[in-house]
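This report is written to be read beside the sequence and the three-dimensional view. Please keep both at hand while working through the sections below.

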There are 2 protein chains.
Amino acid sequence: MSESTPPRTVRELGEFPLIERINAGRVQSPAVRLGPGDDAAVLAAARGHYVVTTDMLVQGRHFRLDWSSPRDIGRKAIAQNAADVVAMGAQPTGFVVALGCPAETAVGFVDELSAGMWDEAVRAGGSIAGGDLVRSPQLVISVTAFGDPIGPAPITRSGARAGGTVAVAGRLGWSAAGYAVLAGGRAHTWSTQAGPTQAEPTQSGFADVESPEADPAPGKSIEDGSMTVELAEGGSAAGEFAAAVAAHRVPQPPYRVVLDALAAGAVPDALTDISDGLLADLRHMADAAGVAIDIDSAALYDPALDALATAMDADAAQWVLTGGEDHAFAAVWPPETELPPGWARIGSVAPGHGVTVDGVSVSGGGGWESFSGADSVDRGRSR
Amino acid sequence: MSESTPPRTVRELGEFPLIERINAGRVQSPAVRLGPGDDAAVLAAARGHYVVTTDMLVQGRHFRLDWSSPRDIGRKAIAQNAADVVAMGAQPTGFVVALGCPAETAVGFVDELSAGMWDEAVRAGGSIAGGDLVRSPQLVISVTAFGDPIGPAPITRSGARAGGTVAVAGRLGWSAAGYAVLAGGRAHTWSTQAGPTQAEPTQSGFADVESPEADPAPGKSIEDGSMTVELAEGGSAAGEFAAAVAAHRVPQPPYRVVLDALAAGAVPDALTDISDGLLADLRHMADAAGVAIDIDSAALYDPALDALATAMDADAAQWVLTGGEDHAFAAVWPPETELPPGWARIGSVAPGHGVTVDGVSVSGGGGWESFSGADSVDRGRSR
């Protein structure tokens, strides 16, 4: 390559210069004692123990380049891991990221992906302490997240007690609604090529949106660029369409609602993030504790989501009960606890087993079970 | 699937049953306070801080299914991460593993992969504390490893001082030699299908061995089974051929040689593992400390490797100086230190910069530089 042409692809720039580039000027969180550049990073464990979680995101399964910008993908990869850390009652401190990408990936794409990761890492209170960069036929992002428990012990899924109050922090069903909008071809997407040789925005229209399983050709070049969406639908629910698409692209777990409660001394008996869907995740919680959970469907009613569902001839309750990936938080609070700010009661815990909605069983071989999405590697969701 | 047929693929078995299956009966290391099954794992940090490293391995780049058994691949994935932890002067405590695989992957393949990971994790003194399982067009394994520093502080690459002694623990060049044997078509490989409906061994012969870059078709099914190798070469170097192939498949970092020295109070000024090649990794060390390193080539002479190189009309010195993936350890010991057991002197540190062999510069735009393999994402090596 000539000196006058800046390197456009990962292959042209090379691994080490790219690693330097994406780490340049970054400020590590206080817990990260040693950042990138040695055999390993070093993190502080203020309490003598730490929580660890890992999630892998694969192009074409967990994100699509025609649906999400690289910055969105970076934020999502960090957010879903940070949510797992917070769901243990822990403050996120650091992340390590292994990134696999084709050699023809645009340097600008990696810049944007990395910027999105840093944005979300800082939002969660941590930083990116290290990683690995390898060649792969398609984008693969594997994030491992670390955190310091705020209380004396991590908060597991298994502590629910009869008489407790089930409450949620954050939105439910919006990511599933956004998926339905995108998968149903109800949004045009445009990809704006923003490389050094810059071009006009090109419309990708509806191409490929029917098949959420579509894998792009291995080794296909990945352009940098931003992504805009224009809705095929307008009318009264236009704002909700856009909000749902945004929610699907980048989950916004309400980290602070959980962490502020804990810092104020309000400690739930059990805590999890909603990644597989409310029913599935509450079922894990009920099973782990050997209790029954009943959900009050009226408490889950969301007028804006309902307006969107009506416009799409869909069922808002299904999105709320079975949609994953919003990474809201569910907790069981001890009996008689006044809920901390940002938490809304949605049900209660009793002796028994399983999960019911308004007293009606939804477990077993029918009902909501078939939508739970938690029983197969075929589902794209990461926990 | 009928009740009389055990599930043969990951798709048939499902994600959660597969996770249960590979975790069944496993005993966590004492540092792992909470293992798989919740939003995150919990590990103890005996010294109030911990080291973290991550490496991603992609099928067709970092391993090949026709060259390595699933058990070999699992061991390698853990070993290269554990070596990075030990290279910080830390005792490996735990690992988390994100695994992407096609839905048609045989359950028995994942069993073997997991068994290999556990074997190596236990060998390194840790256990597998959690993970993620997702669908991917080809196998992708992302490991993050954790460790407790043995001394009061981690040992970085950057502490080398003039007058120090450069020493190595472990073998060099054997993995590169094994790669040369396999890539040169000098070994037949057989894959033994070991599924429930199992059959005779089938010879895969030389198919595909010419192209180490070959990516298998996305979504191709992955069979379980073991792998044997029969050498096309025999004669005086037959034992060395087999040893080199074994070294390429499964690196055997001498964890205990490093950890025992530290436990006995022998602390080097600088420490790293050899993953990019001796010259490249010593150059990182020299650059980080602002010193010069000279290697004594006579100290690197390995008669067995030389016999193999002669039989292959290859250059043993090149394997030793530039071959990565053996995950031996290199350290700079303070002046006048008596080397601990298992360490062999290979050179010395002086004021200046760069790396020389017998006083001759090997940095810059020629010499060994072109083999260093450390400057591009196109190389399959993970650090």
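In which strand of chain A is A:Asp55 found? A:Asp55 is found in strand β3 of chain A, residues 49-58, where strands (E, at least two residues) and helices (H or I, at least four residues) are DSSP runs numbered from the N terminus.

## Basis of the model

This is a predicted model, in which local features need pLDDT of at least 70 and side-chain atom pairs count only at pLDDT 80 or more, while totals for chains, interfaces and linings use all residues. Residues are numbered from 1 along each chain as its sequence is written, chains are lettered from A and ligands numbered from 1 in the order in which they are written, and side-chain values use heavy atoms, with hydrogens and water left out.

## Annotated positions in chain A

An unreviewed UniProt entry lists A:Asp55 and A:Asp84 under "binding site"; although the two are spread over 30 residues of sequence, they cluster in space, with a largest C-alpha distance of 9.5 Å. Such annotations may be inferred rather than shown by experiment. A:Asp55 is buried, with a relative accessible area of 1% (buried means under 20%, exposed over 50%, partly exposed in between, with a 1.4 Å probe and protein chains only). Its side chain makes a polar contact with that of A:Gln80 at 3.1 Å, a polar contact being a pair of N or O atoms within 3.5 Å, of which, within protein, one must be able to donate a hydrogen and the other to accept it, and residues adjacent in sequence count only if both atoms are side-chain atoms. A:Asp84 lies in helix α3 of chain A, residues 70-86, and is likewise buried, at 1% relative accessible area.

The unreviewed entry also lists A:His62, A:Glu325 and A:Trp368 under "binding site". A:Glu325 sits in the loop between α10 (316-322) and β13 (329-333) of chain A and counts as buried because its relative accessibility is 13%, and its side chain makes a polar contact with the side chain of A:Lys76 at 3.5 Å.

## A sheet built from both chains

An open sheet of six strands runs in the order β1(A)-β2(A)-β3(B)-β6(B)-β4(B)-β5(B), with mixed pairing; two strands pair if DSSP finds at least two bridges between them. The edge strands, each pairing on one side only, are β1 (32-34) of chain A and β5 (127-135) of chain B. Within the sheet, β3 (residues 49-58) and β6 (residues 140-149) of chain B pair in the antiparallel sense over eight bridges, and B:Met56 stands opposite B:Ser142 in β6(B).
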